[in-house]
Amino acid sequence: MAACANGCRLGGRPQTVFADSAAWLSRRCCRPRANVFCRKCQELRKSSSRTLPALLQCSVPGSGADAAALAASHEHTCQSAARASSFAHATETTDAVVREGSAPSASPQKQTSSFGHPAHTHFAVARSTHASVLLNFSGSLTHRRFYSEAKGQTAALATMQDPVEVLNFFAVNELASTHLLVSCLRRVSALCDKRKPVLESVSKDERLQKLIQVITQRADDCDARCLVDLCWAVWGFRAAPDVVEQLMNRMANVIVRRENAFTPKQLGTIAFTFSWFRGTPTDTVADFVLAECVKLLPEMEPFHVTLLFGSLRRMRCLNRDVANLMIEKLTDDVDRFTSDDVVGVLRALAANSITRGFLLRRVATLVFDNMDSFTPKQLASILNSLSLLRFLTVENGEELLSRLRSSLYELPATSVAEILEALTILNFPRPEAVRTCIDLIAEKNGAVETEVWLRDHMVIVAHAVIQFQLYDKNPVVKPLLEEVFRSRVNSSRTHHRVEEIIHALELEKASPRVDVPPNWRAMVDQANREEQARLEYSGLQNELTLVLDSLRGKFQLQIQKNQPAGPYNVQFLDDETKICLEIDYPCCRTPHIIKGRHLKQLGYRYLLVDCWQWRRLRSEAEQTVFLKQLLSGPLLELGRLESDEPEH
C-alpha cells in the first residue's frame, strides 16, 4: 500500500479529482483503511481555496512538477471549478473512479497496465466535455473518457422539489451542455405538471423564458435521445402551450429532418407529445410520424403500436390503411402478449373506440384463461376496458369482481373508480357492490377540500348514485357536484354523464339540490352537436336508417334523425308514436339508464340497439326481423299490433 507525502496511506481504489467542478473540494485526498489523516491532509480537505497542484502533491508520491504541469494545462477548468463551487452539493455524488487493470507479465518486478505504462496509482481530471487526461506520474499523459460533472448535476436536478431552485441552477449554468439544459426544463415541467398556480407563476419567470430561448437556439445540436427528453419537457406545459410555442415550432422543423433516426419507442413519445397540442407544429410532425410508423411497424412491440395508434388518432392523421396495418400487427402478436400488453391493448381499444371483434375475442380469451397472471390493479383496468367496449356480460363481470373482492380495500382510488364505472355501465344487479365502491373512493380521497379528488372521480360517483338511486349518499354527492360545477368547463368525453346528472337534478325530486351554471349547459349542448356531426355518416346509423325506411304496414314509422326529445337529443324519433331509437355505441361512458328513465317519465318509449348484436346480423332480412321484434312491445302498447299477430 502506497503512502502520500504526508504519511497517509492510499488504500482501495484510486481516487478521481474533478477539475471542472467543485465536487473534488469535498472529497478525500486519499482513501485510508483507517479513518486517520495527518494535519496537513485535514487542512487541505477543509480548505475551499486549495489548488490542484497542492492536492496532487499531497496525494501522489512523486515530484510536484508533473502536478504543476497538469494544473497549468487545465487552468481554464480550474476557473470553471470556482464558478461551480456554489453547486458542489450537486456533484458530490459523482465518483468517476478509474479502475486500471494489470496485464499479465512474466517479470513480477515490472508489471504493466493495459495501457503499456507502469502500474502506478493514477488520477484523472474529468472535464465537462467528457474527455479526461490520465496522468501516470512517469511523465506521460493518456486521454481517456470518464463520467463528467454533468452526470452529477443531472442527478442533483432530480432531487430538486422547487421550480425556482431549478431556474436558479440554470442561471448559474447557462453555458452548460444542451442535454443538461433540457434536463432543467424537463424538471421544471415535471414540478409544474397538474399544479396550475405553480405553472402560472413559473410561466412568467424571465429565467424560464431565457432557458427556453437557449434550448431553441441549440435545437439542431440535439440527438434523438435529447429530442425525446425535450418532448417530455414540453408535454408538461400542455396547460400553457403559449410558453413553448416557439420551441415546438423549432422542434418540429428539426424532427422532420431526422428521417430513420428514431426507434419505435422514441417515435411514439414524439407522437404522444405533439398529439396534446394543436397548430402548425403538430401538423408539421403528423405526416412525418405517419410515414415513419409504417417503416418501423414490423419491429414494434404492442406497447409502441397502441401508443402510436392513440397519438395518431388525437392528431387526426390516422387513415384507414395504417389503422388496419396496426390492428393486424396486434392480432398477429397476440400470442406473445404479456399481462402488461393485454392491459395496454384493451385500454387503447377502449380509449379509441376500436371495435375489432376477432382481436377482442382473442384478448378476452387470454384474460379469462390466465386470470392468475394479472395483478388486482390490472384486473380493475381490464374490467373497465371490456365494459366500455360493451364486450363483457354481467356474469363475466361478476367473475372479475369476485377476483378483486379480497384486494378491493388495497387498491388505489383510481382503480376503485374504474371498477365503479364498469359496474355502472353493466348496470350491475347488486347495488351493495356499487355502494362499497362509493364508500371506498370517498374514504381514500377524503373531504373535497383536500383537493385529492379528481373531477372524473367526482362525476363517476355522482352518476352512480343517481343511476342506482342511492339517495342516502346525497350528503357525499352534493359537495362533489358543487365542486365540479365551480371548476373550469371542460368539453370531454364524459359529457354524457354530465348531461344525465344535470337533467336528474331537475327531474328527480330525491336528487341533491345543486345549481348548474349556464356555461356547463352550453358545454353539453356543444358536445352533443359535435357528436351528432361525427356520427352522421356512421356505418351503423346508415344501416339502421335503411332498414327503418324499408319497414311497411303496421311497423312503418316516420323516423327523423337527431331530434330533441324532452331535454335530450335522440338519434331516431317518431313523433306520432314517441318511439325513440338509439345505438349503444362502444366506449360511451353511460349505459343510458338514466336517460331512458327520464324519457319514459316524459311519455317517450326509449329503445336501445346493442352494437354487437346488430353486427351479428348478416343480412338485411335478419336486420328487419330484429327491428320488428324490438318495436313489437311499444306498438302493442299503442294498439297498432294485436297480441297474436306474428312479428315477421
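Start by selecting Thr178, Leu180, Leu181, Val182, Ser183, Cys184, Leu185, Arg187, Val188, Ser189, Leu191 and Cys192: these are the buried residues of α8 (buried means under 20% relative accessible area, exposed over 50%, partly exposed in between, with a 1.4 Å probe and protein chains only). That is twelve of the helix's 15 residues, so α8 is largely enclosed by the rest of the structure. Helices here are DSSP runs of H or I with at least four residues, strands are E runs of at least two, and both are numbered from the N terminus.

Before moving on, note that this is a predicted model, where local features need pLDDT of at least 70 and side-chain atom pairs count only at pLDDT 80 or more, while totals for chains, interfaces and linings use all residues. Residues are numbered from 1 along each chain as its sequence is written, and side-chain values use heavy atoms, with hydrogens and water left out.

For the contact (heavy atoms within 4.5 Å), pick Leu181, Val182, Cys184, Leu185 and Val188 on α8, and Leu208, Leu211, Ile212, Val214 and Ile215 on α10.

Now jump to α19 (376-388) and α20 (394-404), which pack at about 160° with axes 10 Å apart. That makes α19 roughly antiparallel to α20. Show Pro376, Leu379, Ala380 and Leu383 of α19 against Gly397, Leu400, Arg403 and Leu404 of α20 to see the contact.

Last stop: backbone angles. Most residues other than glycine have a negative phi. Where are the positive ones to look at?

- Arginine 316 has a phi near 60°, and sits in the loop between α15 (302-314) and α16 (320-332). Arginine 316 is exposed, at 70% relative accessible area.
- Lysine 578 has a phi near 55°, in the loop between β8 (568-574) and β9 (579-584). Lysine 578 is partly exposed, at 33%.

Terms used. Axes are lines fitted to C-alpha atoms, for helices over the stretch in contact, and angles run from 0 to 180 degrees between N-to-C directions. Angles under 35 degrees count as roughly parallel, over 145 as roughly antiparallel, 65 to 115 as roughly perpendicular and the rest as oblique.
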